[in-house]
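Work through these exercises with the model open beside you. Try each task before you read its solution.

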Amino acid sequence: MLMSTSNIAGKAEEAFEVLYSRYAKGLLVYARAFSLSQAEAEDIVQDVFVNVWEKLHRYSGSIEKSYLFKATRNGCLNYIERIGVRSRFQDEALNAGHPPGALPLELYAEDEMKSLIMGAIERLPQRQKESFLMSKFNNMSYADIAARLE
């Protein structure tokens, strides 16, 4: 079934409601076939319709049923891939001794940030590097650092 974008251009909200009422349930059943939970499937279908709504003015001609199903399929596959990546990060975090409740992406970002900070410290001129390390890692006051460096 085709939905003419000329209708959408003139009466965007009404046409979008027709599009949604016509296809949302079928897309939800289709998304659930990917072994997703009801909530996950609803999120993906919602994302598809949000994307259609945001890009409505760019469509020329019609929005086809096949487009909606392909977009839903791609959303499901992307979600499944993200879940797999998240699972790998969780396994790596547990193997590295991080607590089970820790978010793997946060742990990765924390390690990455530490690495970037240490690299920046290493590039400082020698006296600035010494001052910084004494201040931040040895908790020395500025007066103690000045006395020590004189």
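**Exercise 1.** Decide whether F49 is buried or exposed.

*Solution.* Start with the cut-offs: buried means under 20% relative accessible area, exposed over 50%, and partly exposed in between, using a 1.4 Å probe and protein chains only. F49 has a relative accessible area of 3%, so F49 is buried.

Two notes on the source. This is a predicted model, where local features need pLDDT of at least 70, side-chain atom pairs count only at pLDDT 80 or more, and totals for chains, interfaces and linings use all residues. Residues are numbered from 1 along each chain as its sequence is written, and side-chain values use heavy atoms, with hydrogens and water left out.

**Exercise 2.** Find the aromatic pairs and classify them.

*Solution.* Step one: know the rule. Rings of Phe, Tyr and Trp (its six-membered ring) pair if their centres lie within 6.5 Å; planes under 30 degrees apart are stacked, over 60 edge-to-face, and the rest tilted.

Step two: search. The whole structure holds 2 aromatic pairs.

Step three: classify. The ring centres of Y20 and F49 are 4.8 Å apart and their planes stand at 65 degrees, so this pair is edge-to-face. Y20 sits in helix α2 and F49 in helix α3, 29 residues apart. Helices here are DSSP runs (H or I, at least four residues), numbered from the N terminus. Y20 is partly exposed, at 42% relative accessibility.

Y30 and F69 also pair edge-to-face, with 5.3 Å between centres and 65 degrees between planes. This pair links helix α2 to helix α4 across 39 residues. Y30 is partly exposed at 28%, and F69 is partly exposed at 21%.

**Exercise 3.** Work out how α2 packs against α3.

*Solution.* Step one: take the angle. The two helices pack at about 150 degrees, with axes 9 Å apart. Axes are lines fitted to C-alpha atoms over the stretch in contact, and angles run from 0 to 180 degrees between N-to-C directions.

Step two: name the arrangement. Angles over 145 degrees count as roughly antiparallel, under 35 as roughly parallel, 65 to 115 as roughly perpendicular, and the rest as oblique. So α2 is roughly antiparallel to α3.

Step three: list contacts (heavy atoms within 4.5 Å). Residues of α2 including F16, Y20 and L27 meet residues of α3, among them V45, F49 and V52.

**Exercise 4.** Which residues does L68 touch, not counting those up to four places away in sequence?

*Solution.* L68 touches L19, Y23, L27, V48, V52 and I63.
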